[in-house]
Amino acid sequence: MSPDGLCLMTCSNDSRLRLYNLPYQLHPSYEKKADDDDDAGISLECVLKIKEPEGIYDYDWYPNMNSSSPETCCLICTGKDQPIHLWDAYTGSLRASYCAFDHLDEVVSAFSVQFTPDGNHLYAGYRGEMRIFDVARPGRISSQRKLKGVQGGIISCIGFPFDFKDIYALGSYDRSIVLYSDGDGAQVGSLMGHSGGITHLAFSPDGNRLYSGGRKDNELVCWDLRQPRKALFRAQRAVKTNQRIYFDLDRLAQIRRRRRRR
């Protein structure tokens, strides 16, 4: 769901992102009228397709997206053997690319990507490191933070509190969750308790709790960050594959599940 609540975005294993306008009956401001047909079906029609050259690893809406302001309607996407792409959600055109390179000056793919809540920076997870890009400066310039010795493997997901000021979370396919200080990149805490690699992280609206889910892991775990030594509670779900399984939180921080095929 887009930040303004008017669009849906899906990702499939044909390397395409598809955008749908939310039917008016599902708009938050919609009020049912007496002559509305209860039997009329609600259908979704794809209004835009975005094709990436290879499989898509992760994607994210621009957090300040508002359909009434076309300049804010954009999204980011990362995939196999390609840079991070910033796409226009109105026209499907490529606005910008953000590139990381290895010691051979070859493009390195990010496995996870997310906007900061203010939309000014992109955080991207790689194997054993993270990079921070300024959204206003496309290209290869980024801040690099090595994570070896702290968090190994592929950085598979990123989580920010709603009022992000300093602390953020990274999840890895090595099953670890680590909290970092944004100021100096130092580790401030770690959480362990999943049987599968971490695929999604979400903070509660008040920032006191962190929810996490993994692949081939039938539990969603809630961590109280004020007392992080053990999980606050565990919710059951069915995850039998290595596909990335997302979940959502409503305003009361109740868990809702969503799935993306990889």
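**Cysteines, ring pairs and cores in an all-strand chain**

The sulfur of Cys77 lies 6.6 Å from the closest cysteine sulfur, that of Cys11, which is too far for a bond. A disulfide is a covalent bond between the sulfur atoms of two cysteines. The cut-off used here is a pair of cysteine sulfur atoms within 2.5 Å, and a search of the whole structure finds zero disulfides. This is a predicted model, in which local features need pLDDT of at least 70 and side-chain atom pairs count only at pLDDT 80 or more, while totals for chains, interfaces and linings use all residues. Residues are numbered from 1 along each chain as its sequence is written, and side-chain values use heavy atoms, with hydrogens and water left out.

A residue is buried under 20% relative accessible area, exposed over 50% and partly exposed in between, for a 1.4 Å probe and protein chains only. Cys77 is buried, at a relative accessible area of 0%. Cys222 also has 0% relative accessibility and counts as buried. Cys46, by contrast, is partly exposed, with a value of 26%. Cys46 is placed in strand E3. Its contacts (heavy atoms within 4.5 Å), not counting residues up to four places away in sequence, are Arg18, Leu19 and Tyr20.

Next, the chain as a whole. Its secondary structure comes to zero helices and 23 strands; helices (H or I, at least four residues) and strands (E, at least two) are DSSP runs numbered from the N terminus. Of its 262 residues, 47% count as buried. Among contacts with a separation of 6 or more, 44% join residues 24 or more positions apart. The chain exposes about 13,600 Å², of which carbon and sulfur atoms supply 47%; the areas come from the Shrake-Rupley method with a 1.4 Å probe, and for residues only the protein chains shown count as cover.

A nonpolar core is a set of buried Ala, Val, Leu, Ile, Met, Phe, Trp, Tyr and Cys residues joined through side-chain atoms within 4.5 Å. The largest one has 17 residues, and Met9, Leu17, Leu19, Tyr59, Trp61 and Leu75 touch the most other members. Two or more residues of this core come from each of strands E1 (7-12), E2 (16-21), E3 (46-51), E4 (56-61) and E5 (74-79). Leaving aside neighbours within four places in sequence, Trp61 is in contact with residues including Met1, Pro3, Met9, Leu19, Leu75 and Phe115. Another core lies apart from the largest one and has 16 residues, among them Cys74, Ala100, Ala110 and Val135.

The structure also holds 11 aromatic pairs. Rings of Phe, Tyr and Trp (its six-membered ring) pair if their centres lie within 6.5 Å; planes under 30 degrees apart count as stacked, over 60 as edge-to-face and the rest as tilted. Tyr98 and Phe133 have ring centres 5.9 Å apart and planes at 65°, so this pair is edge-to-face. Tyr98 lies in strand E7 (residues 94-98) and Phe133 in strand E12 (residues 129-134), so the pair ties together parts 35 residues apart in sequence. Tyr98 counts as buried at 1% relative accessibility, and Phe133 counts as buried at 0%. The rings of Tyr123 and Phe160 have centres 4.9 Å apart and planes at 90°, so they too are edge-to-face. Tyr123 belongs to strand E11 (residues 121-125) and Phe160 to the loop between strands E14 (155-159) and E15 (167-172), so this pair ties together parts 37 residues apart in sequence. Both Tyr123 and Phe160 are buried.

A charge sits over a ring if NZ of Lys or CZ of Arg is within 6 Å of the ring centre and within 35 degrees of the ring normal. Arg140 lies over the face of Phe101, 3.9 Å from the ring centre. The charged end of Arg215 sits over the ring of Tyr173, 3.9 Å from its centre.

The loops remain. Asp105 is not a glycine, yet has a positive phi of about 65°. Asp105 is placed in the loop between strands E8 (100-101) and E9 (107-108), and is partly exposed at 45%. Lys216 has a positive phi near 50° and lies in the loop between E19 and strand E20 (219-224). Ser204, in the loop between strands E18 (198-203) and E19 (209-214), counts as buried at 0% relative accessibility.
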